Amino acid sequence: MNINYQLEMEKTIAAWHAPDGRKPVLLLHSCCAPCSSAVLERLAAHFTIYDFCYNPNISPETEYRHRAEELRRLIREMGLEPGVQMVEGAYEPERFARIAAGLEGEPEGGRRCTRCFALRLEEAAREAARREADFFTTTLSISPHKDARRLNEIGRQMGEKYGVPYLFSDFKKKDGFKRSTILSEQYGLYRQNYCGCIFSRREAEERERAKAGEKASAAR
C-alpha cells in the first residue's frame, strides 16, 4: 500500500489543537543546511522546533563541523530564532563504525544506510523524549536518493520505543528538493557532493573519476 506521507503530515498539522493555543514542539533531525532549508521554511509556521544535528556518519570530522556550522548560520540568517533552536548532538563516529562493520561493501542506499538511518533516528527519538517534544522527524526524506517509506517506518518504530510520535513526512513532495536548491543558492550554502560517510565519499570520487575519463575519451 502506497502512503502519501506528505498528506499524512498535513493531516497531523491540521488536527493539532492545544487548549492554551501553543504550537506543537517538534524535534527535527537535520542532516545538513541545504536539506534543512526548505524543511524549516515549510514547518516553522506550524511548530516550535529543536533542530537536532546528530550525524556520526559524517567523515572526516572537519566535514562534520563545516556542515554543523552551516546549519547554525542558516537558522540565524533565515531569521527563524527563537522559534527554531539548533541543538547539536555528540559527534560519535565510533558508533557509526560499529553499525557499518561488515557492510563496508554495500552500495549507497543498501543495508548500511538502513542501519545509519536507524542510528540517527533512534538518537533523535531519545532526544525528543528528553525534551518532551510532541513529535520528531527528519529532513532526510527531502533527498531524491532517500527512501521515504523506509525512513517513515524506522521513525514509527523509534517513536513507539521512546513514546514520541513520529511526524510522517516526505519533504521531497511539492518540489521540496527543488526549493532546497533555490534556498541553498540564495543563502550561499555549502552543498556537499556526498551523503556524509567515507563509503559514500568513495562512491562520489569514483563517479567523478568516471566522468573525467568519459570527457577525456570524448575529447580525443
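User: Is Lys174 buried or exposed in this structure?

Analyst: This is a predicted model. Exposed means over 50% relative accessible area. Lys174 reaches 60% relative accessibility, so it counts as exposed. Lys174 sits in the loop between α6 (148–162) and α7 (176–186). Its phi is positive, about 55 degrees, although Lys174 is not a glycine.

User: Which phi does Glu132 have, and where does Glu132 lie?

Analyst: Glu132 is not a glycine either, and its phi is positive, near 55 degrees. Glu132 belongs to the loop between α5 (111–130) and β4. Its relative accessibility is 67%, so Glu132 counts as exposed.

User: How do I read the sheet, and in which order do its strands run?

Analyst: Strands of a sheet pair through backbone hydrogen bonds, either parallel or antiparallel. Here four strands make an open sheet, ordered β3-β2-β1-β4, with parallel pairing. On average, neighbouring strands are turned by 25 degrees against each other, direction ignored.

User: How many bridges join β1 to β4?

Analyst: Four bridges link β1 (residues 25–29) to β4, and the two run parallel. Leu26 stands opposite Phe135 in β4.

User: Which strands does helix α3 touch?

Analyst: Helix α3 (residues 61–77) packs on the sheet and touches β2 (48–53) and β3. The direction of α3 makes about 165 degrees with that of β3.

Methods: Residues are numbered from 1 along each chain as its sequence is written. This is a predicted model: local features need pLDDT of at least 70, side-chain atom pairs count only at pLDDT 80 or more; totals for chains, interfaces and linings use all residues. Side-chain values use heavy atoms; hydrogens and water are left out. Two strands pair if DSSP finds at least two bridges between them. Axes are lines fitted to C-alpha atoms, for helices over the stretch in contact, and angles run from 0 to 180 degrees between N-to-C directions. Contact means heavy atoms within 4.5 Å. Buried means under 20% relative accessible area, exposed over 50%, partly exposed in between (1.4 Å probe, protein chains only).
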